[in-house]
Amino acid sequence: MKLKLGIPKGSLENATIDLFRRAGFNITTSSRSYFPAIDDPEIECMMIRAQEMARYVEDGVLDAGLTGRDWIEESEAKVHAVADLIYAKQSFGKVRWVLAVPESSDFQTVKDLEGKIIATELVATTKRYLAANGVKAKVEFSWGATEVKPPVLADAIVEVTETGSSLRANKLRIIETVLESNTQLIANLGAWSDSWKRRKMEDVRMLLEGAINALGKVGLMLNVRRDCLSAILNILPALKNPTISTLSDDAWVAVHTILDELTVRNIIPRLKEAGGQGIVEYPLNKIVM
């Protein structure tokens, strides 16, 4: 038996493959194939556009897949959300679908767009958003380059953004957030009820979440005399209390902890001053909570 897993093709592709690598799965893609190789004999991968992923998972073509919550809501697919995985194409955070208008326009809220034209890829969600706000406007599907359409081809757009830089570059300003989204691991309802497939998906979830937890973290270990230990512990932050291990010389102990990578350059000199010796910093692939 194999788990049929959908990998998002397009903007999320590289970030997803890198996340799987950190989780311990090596996925090899080819520009000529939509069936990438993976070094797990129990998984069979297929490349699918994120916009279509939920539909194929719902229909059972795939047992599971990774896509944005935005596209799940857009398609209204009935799938099981296995995990929220907070990563995007440029960063490890959420993205926003925002309502944006030309900087020079007088539009201030969604109410000001009554009777106007709004361009977006997220048509159904935008229509529901307008209806919820009591606004009637024409929503047009955009095939791409949505940011360049106002003010000539549209009065406003609903577009996805991580940093807002592309919108600013096109002289657009955000007036409201329509939807926050993040990547989700989703499952076909039938596959989720299958005990073997469910356990496999839960294993994959645990490893992917562990890889995300390790991002920006490093491990640190050092030796210190017992009479200097309290000074060392006062310097160290940690996810929980650092691990203290006895060495062959009872006068010394080993300290192991996990730190934010950006803090290490400030902490290591202080540890050395406090009596730390043999200080080793090492990368982390996964932190399973």
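1. Arg 21 counts as partly exposed at 42% relative accessibility, where partly exposed is the range between buried (under 20% relative accessible area) and exposed (over 50%), computed with a 1.4 Å probe on protein chains only. Its side chain meets that of Asp 18 in a salt bridge of 2.7 Å, N to O, the term meaning a side-chain nitrogen of Lys or Arg within 4 Å of a carboxyl oxygen of Asp or Glu. Both residues lie in helix H1 (residues 13-23), three residues apart, about one turn of the helix, and together with Arg 22 they are linked in a network of salt bridges.

2. This is a predicted model, in which local features need pLDDT of at least 70 and side-chain atom pairs count only at pLDDT 80 or more, whereas totals for chains, interfaces and linings use all residues. Residues are numbered from 1 along each chain as its sequence is written, and side-chain values use heavy atoms, with hydrogens and water left out.

3. The chain has nine helices and 16 strands, taken as DSSP runs (H or I of at least four residues for helices, E of at least two for strands) and numbered from the N terminus. Its radius of gyration is 24 Å, whereas a compact globule of 289 residues would come near 19 Å; the radius is taken over C-alpha atoms, and the globule rule is 2.2 Å times the number of residues to the power 0.38.

4. A salt bridge of 2.5 Å, N to O, joins the side chains of Asp 260 and Lys 217. Asp 260 lies in strand E15 (residues 252-260) and Lys 217 in strand E13 (residues 217-225), so the pair ties together parts that are 43 residues apart in sequence.

5. Glu 74, in helix H3 (residues 69-75), deserves a separate remark. Glu 74 is buried yet has no salt bridge, the nearest side chain of opposite charge being Arg 128 at 4.7 Å; here Lys and Arg count as positive and Asp and Glu as negative, while His and the chain ends are not counted. The side chain of Glu 74 does make a polar contact of 2.7 Å with that of Thr 125, a polar contact being a pair of N or O atoms within 3.5 Å, of which, within protein, one must be able to donate a hydrogen and the other to accept it, and residues adjacent in sequence count only if both atoms are side-chain atoms. A polar atom of the Glu 74 side chain also lies 2.9 Å from the backbone nitrogen of Ala 124.
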